[in-house]
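Me: I would like to learn how to read this structure feature by feature. Please give me the general idea each time, then the case at hand.

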Amino acid sequence: MEGVFLIMESQVMNQILECTSCGIVTEYKPETVCPECFGPLEVTYDYESIRGRLSREAFAARPTTMWRYHELLPAIDGGVPETPVGWTPLIKARRLGQVLGMPNLYIKNDAVNFPTLSFKDRVVTVALAKAIDFGFDTVACASTGNLANAMAAQASMLNLSSVILIPQDLEHQKITATACYDTRVVKVNGTYDEVNRLCSELAYREEIGIVNVNLRPYYSEGSKTVGFEIAEQLGWRLPDQVVVPMAGGSLISKIDKGFKELVKVGLAEDKSARIYGAQASGCAPITDLVKTGAKQVTPVKPDTLVKSLSIGAPADGLRASRVINGSGGWAEDVSDEEVVESITLLAETEGIFTEAAGGVTVGVTRKLVEQGKLNRDAVTVICITGNGLKTADLVKHRAAELPLIEPKYSSYSELVNNNEEVRISVGTI
Ligand SMILES: Cc1ncc(COP(=O)(O)O)c(C=O)c1O
Ligand SMILES: [Zn+2]
């Protein structure tokens, strides 16, 4: 297989898969459910041995990519792709913080993740490295858009054949930003949940590595690095509160797992972070679960402009709701109108253009502050997980009636300065 690989010499090789329902352990294989009880399989680690080998100081010399945490990621026998994924900025959000009345607000900005501008680059880099380890030469996924972008780019880079299945109603920017790579894009006449069912069937019928089906235990571990980076960038401190957008419910569950692992291996102080989930009102099965305390997810048919979060039957919905309730956090949802307003609010205050999912995060943060569920003064990190260029149509009204002038100063001045207020302020300066 082509691609540039980096061997992590010190990687702990005794990692195992454990069933989260019955506790049975197995060695790594391309499976997502327990052969005994069909419970979900999870990658677990020998924390005691990692604890003895890791120190905060050691991280200063490590590469600034998500693989700096390789001891707490699935072991990759063939080495990890040398793709600089992760280590995205954590920004002190002063102006948004002023608007929301939150003086200790931070943004984890995965809208600038490499190479495809969403947090999905993180999960894909782990999944494809593992796919190569398992000997797959074809990989596939079901996607709500961002995963499609990340898979297509990274599979091209690694010279893996890829098939990407998407619901037919995705944003055209996301479809284009998938089809431009060396990949096969298949549009399916159905919802994401139907596409996902088709992928599960594919995993049984064909020898394919499906990143969110038979490679899911490894793929989902990549999301922990959002939590690792937040803590390290805060000076190895966990935040008091974190707000995370939810679709399948994996990212939020893994951020929580990442925080807890840092405490277990002694890199972060022993405290807990309250975890808050965000969804769009037109597809809020996990928020509903948090609010009702029900024992299982009631699937919904998504009806929202927020395509990236349109998963009506979330695979990790129950786990996410338990993480949220167990941490003392909460979940909320916002209307499509609030999503668009929030995209604009973030752009105007912080200069960050987010895709729809980030509008959900900002809108829900605002709502939770107003409800008194989020503590205004606490150290709060909100996760912006994808780039606004991918859903630019949501704010195209902002550019709809822009004036056109002749290329002359008089035309410019007539338009820009021909206004009492502007002239007075210019005169004052
Ligand atoms: C931009 C963005 N944010 C958040 C999520 C939610 O991730 P998860 O499905 O792990 O809950 C997705 C999922 O596709 C996404 O595309
Ligand atoms: Zn089991």
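Me: What should I know about the model and the numbering?

Reply: This is a predicted model: local features need pLDDT of at least 70, side-chain atom pairs count only at pLDDT 80 or more, and totals for chains, interfaces and linings use all residues. Residues are numbered from 1 along each chain as its sequence is written, while chains are lettered from A and ligands numbered from 1 in the order in which they are written.

Me: How many residues surround ligand 1, and which are the closest?

Reply: Start with the cut-off. A residue is near a molecule or strand if its C-beta atom, placed from the backbone, lies within 6 Å of it. Here 18 residues surround ligand 1. The closest are Ala247, Gly248, Ser250, Thr385 and Gly386.

Me: Which helices each supply at least two residues of that shell around ligand 1?

Reply: First, the elements. Helices (H or I, at least four residues) and strands (E, at least two) are DSSP runs, numbered from the N terminus. Helix 5 (146-157) and helix 10 (250-264) each give at least two residues to the shell around ligand 1.

Me: How do the residues of the shell around ligand 1 divide into nonpolar, polar and charged?

Reply: The classes go by residue type. Ala, Val, Leu, Ile, Met, Phe, Trp, Tyr, Cys and Pro count as nonpolar; Asp, Glu, Lys and Arg count as charged; the others, Gly among them, count as polar. The shell around ligand 1 has 7 nonpolar, 9 polar and 2 charged residues.

Me: Now helix packing. At what angle do the axes of helix 5 and helix 6 cross?

Reply: Axes are lines fitted to C-alpha atoms, for helices over the stretch in contact, and angles run from 0 to 180 degrees between N-to-C directions. The axes of helix 5 and helix 6 (residues 172-179) cross at roughly 15° and come within 8 Å. That makes helix 5 roughly parallel to helix 6.

Me: Is the crossing of helix 5 and helix 6 left-handed or right-handed?

Reply: A crossing is left-handed if the near helix is turned anticlockwise from the far one by less than a right angle, and right-handed if clockwise. Helix 5 passes helix 6 in a left-handed crossing. Ala148, Asn149 and Ala152 of helix 5 make the contact with Lys174, Ala177 and Thr178 of helix 6. Contact means that the C-beta atoms of two residues, placed from the backbone, lie within 7 Å. By class, this contact has 3 nonpolar, 2 polar and 1 charged residues.

Me: What about helix 9 and helix 10?

Reply: The axes of helix 9 (residues 224-233) and helix 10 come within 7 Å and cross at roughly 50°. That makes helix 9 oblique to helix 10. The crossing is right-handed. Residues of helix 9 in the contact include Val226 and Phe228, and those of helix 10 include Leu251 and Phe259. The class count is 7 nonpolar, 3 polar and 4 charged.

Me: And how do helix 11 and helix 12 cross?

Reply: The axes of helix 11 (residues 285-292) and helix 12 (residues 317-327) come within 9 Å, at roughly 45°. Helix 11 and helix 12 are therefore oblique to each other. Their crossing is right-handed. The contact of helix 11 with helix 12 has 7 nonpolar, 3 polar and no charged residues.

Me: Turn to sheets. What is the order of the 4 strands that form an open sheet?

Reply: Two strands pair if DSSP finds at least two bridges between them. The order is 10-9-8-11, with parallel pairing. Strand 10 (184-188) and strand 11 (209-210) are the edge strands, each pairing on one side only. Strand 8 (residues 138-142) and strand 9 (residues 161-167) pair over 5 bridges. Val139 stands opposite Ser162 in strand 9.

Me: What is the order in the open sheet of 3 strands?

Reply: It is 3-2-4, with antiparallel pairing. Strand 3 (25-26) and strand 4 (41-44) are the edges. Strand 2 (residues 16-19) pairs with strand 4 over 4 bridges.

Me: Where is Phe38 placed, and which bond joins Phe114 and Pro115?

Reply: Phe38 sits in the loop between strand 3 and strand 4. Its phi is near 65°, a positive value in a residue other than glycine. Phe114 and Pro115 are joined by a cis peptide bond, with omega about 0°.

Conventions. Angles under 35 degrees count as roughly parallel, over 145 as roughly antiparallel, 65 to 115 as roughly perpendicular and the rest as oblique.
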